[in-house]
Amino acid sequence: ASTCLELNNTSHMPEGATRQLRIGAALTVTGKFNQYAEGYCQVLMMWLEFFTSGGKDLVNSKSGEKFGIFIVVADIGASVFADSKQLTYATLKALHEAYTLDVFVSPYSSTLSPYAGLAGDELGVVTLAPGAAADSVYACPSQCKDEDDCSAASFNCKFPKSRRFNYIFGSFSPASMYFRDIVGGAAVNQAKTIAFVKEPKAFTRNLIDGATAAAVDQNLQVVADIEFSEGGEDTFDADYEALTQFDSAGKVEASVQGSSFFNVSLAIAQRLKELDVDVVIVEASVQGSSFFNVSLAIAQRLKELDADVVIDNQL
């Protein structure tokens, strides 16, 4: 059974409480990201049970006021009537109108979280973004790369890198930091050149932005920086013609691939094989990804290219 369904409309009002802390979550309860919503709801349930089963009270440390708890969960994952970004924004506003909430919980992803942040700012509601790490969620973008960035004026951006929202808070370290040590590992293994492949998403772009900066710091030559367009939602079929840039990249000694999805990584590797690209890995293949099994999978595919691949778990 879904923890989110169990959690929805949960109310706890202990003796002596004067009011409730009211939390509203707009999550992908159904759809391809449902596992992230389930994880969020499990954490919320564990936190709730700390008070309901553990005999603990939620108390304002300054005033001594005791609070009850109310949690409502709305599904934004299976709608065919609205864009998921606008649906995030509209859902949180509707929940607030219905329940007068104190806290919003943003859905997973750095793409949807700015729309939760916008709702939070407009309504003065603290917004938690536990699954968003891209810098663009928290700071105004410095480059106009897509529709989201180009419409930055609607997100109250006065100048690049200024704080984007006043009420949104995250729990992850910035995505731009994730791959810096991985690129450093390439340099330690005597690589001189490096290539980047990324999806056109806020999170994966930010991964490679950080990796690019690290490459400059490590005096690595970036011979390719490829962004490909994703196709169907379920199959991830895509136009990988951009990967033909590897034909002119020459000798690539380290590859950093930014992708959140296992099958996208497999598709990239398969496309490189189909193009018969000359990819040479010297001493070590430094593969960065959100999940280690993605790194293993693309390293295995690179072996099919007769590359000399060494997998170092310490990286």
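Me: Is Lys93 buried or exposed, or something in between?

Reply: Relative accessible area decides: buried is under 20%, exposed is over 50%, and partly exposed is in between (1.4 Å probe, protein chains only). Lys93 has 29%, so Lys93 is partly exposed. One caution: this is a predicted model, where local features need pLDDT of at least 70, side-chain atom pairs count only at pLDDT 80 or more, and totals for chains, interfaces and linings use all residues. Residues are numbered from 1 along each chain as its sequence is written, and side-chain values use heavy atoms, leaving out hydrogens and water.

Me: Which residue meets Lys93 in a salt bridge?

Reply: A salt bridge puts a side-chain nitrogen of Lys or Arg within 4 Å of a carboxyl oxygen of Asp or Glu. Here the partner is Glu122, at 3.1 Å, N to O. Glu122 sits in helix α4 (residues 113–123) and Lys93 in helix α3, 29 residues apart. Helices (H or I, at least four residues) and strands (E, at least two) are DSSP runs, numbered from the N terminus. Glu122 is partly exposed too, at 44%.

Me: How many salt bridges are there in the whole structure?

Reply: A search finds five.

Me: Which residues do shared partners join into one network?

Reply: Arg19, Glu65 and Asp102. Arg19 pairs with Asp102, the closest N and O atoms being 3.8 Å apart. Arg19 lies in strand β2 and Asp102 in the loop between α3 (84–99) and β5 (103–105), so this pair ties together parts 83 residues apart in sequence. Glu65 also bridges to Arg19, with closest N and O atoms 3.9 Å apart.
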